[in-house]
Amino acid sequence: MTSQRARDRLAGRLRELGIRDPRVLEVIRATPRHLFVDEALAHRAYENTALPIGFGQTISQPYIVARMTEALLAEAAPQMVLEVGTGSGYQAAVLAQLVGRVISLERIRPLQRQAREVLSLMRLQNISLRHVDGNQGWPENAPYDAILLTAAPRVIPEALLLQLDMGGQLLAPVGEESGAQTLVRITRTPEAYVREDLGPVSFVPLLPGEVQ
Ligand code: SAH
């Protein structure tokens with residue numbers, strides 16, 4: 001079940017769940033999610049569920065990937081996007097087909113290596129991967145039109161807020177590791193960082209430091 005039909009069915013399911021942006025649904029249809037999970041799990045790659053990718057981490061649920069991507073595209077499509085938490089690389093691959101450039105940060109080296117292999121297989125050339133603690137962001141390419149966290153902090157790191165361009169938006173799950181988390185959108189305006197809550201979610205925690 002790694003066929004186009006399985007992908008079409010997944011896109012249909014996401015549509016039923018409220019994903020409306022045709023660009024997002026098209027990219028879900030075009031992206032081989034089975035390449036981003038272990039072969040033993042490939043037959044489940046087009047279910048709308050998170051799946052383990054090793055090191056206690058998960059590839060995000062397709063619905064969540066689609067929802068976060070749709071939220072980022074709601075205004076003009078961002079040119080420069082920072083993702084914190086590369087994991088399998090699937091979210092980065094989806095984004096890279098819809099925005100100018102993606103910089104993605106991962107603290108666990110072997111996960112980053114695996115993601116790099118799949119992304120080069122897909123010939124996506126507008127993604128740069130960095131092995132670093134994403135709590136610090138990646139100031140070298142700042143400011144970003146959009147910043148996406150795919151791991152949940154208790155509090156959004158200030159370094160990330162400072163790397164957001166004026167008018168840019170940051171999307172992050174915020175909350176306790178096993179408790180309630182909320183998907184939060186922060187928009188930077190000249191006067192303030194404006195916060196909106198987009199509903200409950202469940203992500204792995206944003207952890208400190210790097211793992212070789
Ligand atoms: N976007 C991923 C989701 C992976 S799960 C995907 O599509 O598969 C979240 C990832 O965030 C994990 O790989 C985890 O190691 C990573 N992570 C957690 N804390 C981090 C930090 N401080 N900096 C960078 N990555 C982090």
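# Ligand Site and Pockets

A backbone N or O atom of G134 lies 2.7 Å from a nitrogen atom of the ligand. Taken alone, the ligand exposes 580 Å², and the protein buries 100% of that area. The model described here is predicted.

**Contacts with the ligand**

- A polar side-chain atom of E83 is 3.0 Å from a nitrogen atom of the ligand.
- A polar backbone atom of R107 lies 3.4 Å from a nitrogen atom of the ligand.

**The shell around the ligand**

- There are 26 residues around the ligand, and S88, E106, D133, G134 and L207 come nearest.
- By class, this shell consists of eleven nonpolar, eleven polar and four charged residues.
- At least two shell residues are supplied by each of β2 (57-59), α4 (90-96) and β4 (101-106).
- β2 gives the most to the shell, with three residues.

**The largest pocket**

- The volume of the largest pocket is about 460 Å³.
- Its lining comprises 33 residues, of which Q57, T58, T150, A151 and V204 are the closest to the centre.
- Two or more lining residues come from each of β2, α3 (62-73), β3 (80-84), α4 and β4.
- β2 provides the largest share of this lining, three residues.
- The lining of the largest pocket has 16 nonpolar, 13 polar and four charged residues.

**The second largest pocket**

- The second largest pocket has a volume of about 150 Å³.
- Of the 13 residues that line the second largest pocket, A152, P153, R154, P205 and L206 lie nearest its centre.
- Its lining divides into eight nonpolar, two polar and three charged residues.

Terms used:
Residues numbered from 1 in each chain as written. Predicted model: local features only at pLDDT ≥ 70, side-chain atom pairs only at ≥ 80, totals over all residues. Heavy atoms only, no water. Near = heavy atom within 4 Å. Polar contact = N/O pair within 3.5 Å; in protein donor to acceptor, adjacent residues only side chain to side chain. Areas by Shrake-Rupley, 256 points an atom, 1.4 Å probe, with all protein chains shown as cover. Helix = DSSP H or I, 4+ residues; strand = E, 2+ residues; numbered from the N terminus. Nonpolar A, V, L, I, M, F, W, Y, C, P; charged D, E, K, R; others polar. 1 Å grid on protein atoms, 1.4 Å probe; cavity = no way out; pocket = protein on both sides within 12 Å on 5 of 7 lines; lining within 4 Å. Points joined across faces, edges and corners; volume = space filled by probe spheres on them.
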